[in-house]
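Thanks for passing this one along. Here are a few friendly comments to read with the viewer open.

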Amino acid sequence: MFEFLEEYVVADEFEDHDKKHTFYPIKEEEIDQLKSNLEGELPYELVLFYQEIGYGYFYDEDGCFTDLLMNPKQVMEFKLGKGNYEYSEEREHLDNCDLVFFEIDADFHIYVKLSGKQQGSVFLGKRKIADSIKEFVDKVTRTSNYFFG
């Protein structure tokens, strides 16, 4: 599903690269841990992205925003309000059925609905920006920060 991004996967964070996007592989155990912590509520397309590509940065060279598809540990820390996200005011505005998976910058995130009528849809604040994670990835790959338009 996300094979078109394979050319941007690097072996590790210390590898020197000069790529439009930069992604790092994820171990299956990390995905399983997140699934377990979320009691199976991990969107299928996010699991596929993790398995096929990993996690990492879109438009790594622009420097304006982080544009990070978060790794499983970051997703869980945000959900639980731990680590860098312990004092995130943004968490107060999310429902239990919202799962943050993309960091625009430290205090600005994109989430996917885990249940309800909008299940699988991707949101920035209260605005729906994609019908699925696949659509979101397709759009953000073509146009940096399309979600602000």
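1. A word on the source before anything else. This is a predicted model, so please read every distance and accessibility in this note as a value computed from predicted coordinates.

2. Let me start with charge pairing. Side chains of opposite charge can pair when their charged atoms come close. Across the whole structure, the search turns up six salt bridges. I comment on some of them in the next points.

3. How accessible are the two partners? Lys113 has a relative accessible area of 13%, which is under the 20% cut-off and therefore counts as buried. Asp95, at 41%, is partly exposed.

4. Lys113 also has a salt bridge to Asp98, here with 2.9 Å from N to O. Since Lys113 lies in strand E5 and Asp98 in strand E4, the pair ties together parts that are 15 residues apart in sequence. Asp98 is buried, its relative accessible area being 3%.

5. Next comes the pair Asp131 and Lys128, whose side chains meet in a salt bridge at 2.7 Å, N to O. Both ends are partly exposed: Asp131 has a relative accessible area of 47%, and Lys128 has 38%. Turning back to the earlier pairs, which residues are joined by salt bridges that share partners? Asp95, Asp98 and Lys113 form one such network.

6. Now for Tyr8, which is found in the segment before strand E1 (22-24). Is Tyr8 buried or exposed? With a relative accessible area of 15%, Tyr8 is buried. Once neighbours within four places in sequence are set aside, its contacts are Lys19, Lys20, His21, Thr22 and Phe23.

7. A polar atom of the Thr141 side chain lies 2.6 Å from the backbone oxygen of Val137. Not counting residues up to four places away in sequence, Thr141 touches Phe4, Leu5, Lys20, His21, Phe58 and Tyr59.

8. My last point is about helix packing. Two packed helices are described by the angle between their axes and the distance between the axes. For helix H1 (residues 28-37) and H3, the axes come within 9 Å and cross at roughly 20°. That angle is under 35 degrees, so H1 and H3 count as roughly parallel. The crossing of H1 past H3 is left-handed. Which residues make the contact? From H1 they are Glu30, Ile31, Leu34 and Asn37, and from H3 they are Pro72, Val75 and Met76.

Notes
Residues numbered from 1 in each chain as written. Predicted model: local features only at pLDDT ≥ 70, side-chain atom pairs only at ≥ 80, totals over all residues. Heavy atoms only, no water. Salt bridge = Lys/Arg side-chain N within 4 Å of Asp/Glu carboxyl O. Buried < 20%, exposed > 50% of the residue type's maximum accessible area, 1.4 Å probe, protein only. Helix = DSSP H or I, 4+ residues; strand = E, 2+ residues; numbered from the N terminus. Contact = heavy atoms within 4.5 Å. Polar contact = N/O pair within 3.5 Å; in protein donor to acceptor, adjacent residues only side chain to side chain. Axes fitted to C-alpha atoms, helices over the stretch in contact; angles between N-to-C directions. Parallel < 35°, antiparallel > 145°, perpendicular 65-115°, else oblique. Left-handed = near helix turned anticlockwise from the far one by under 90°.
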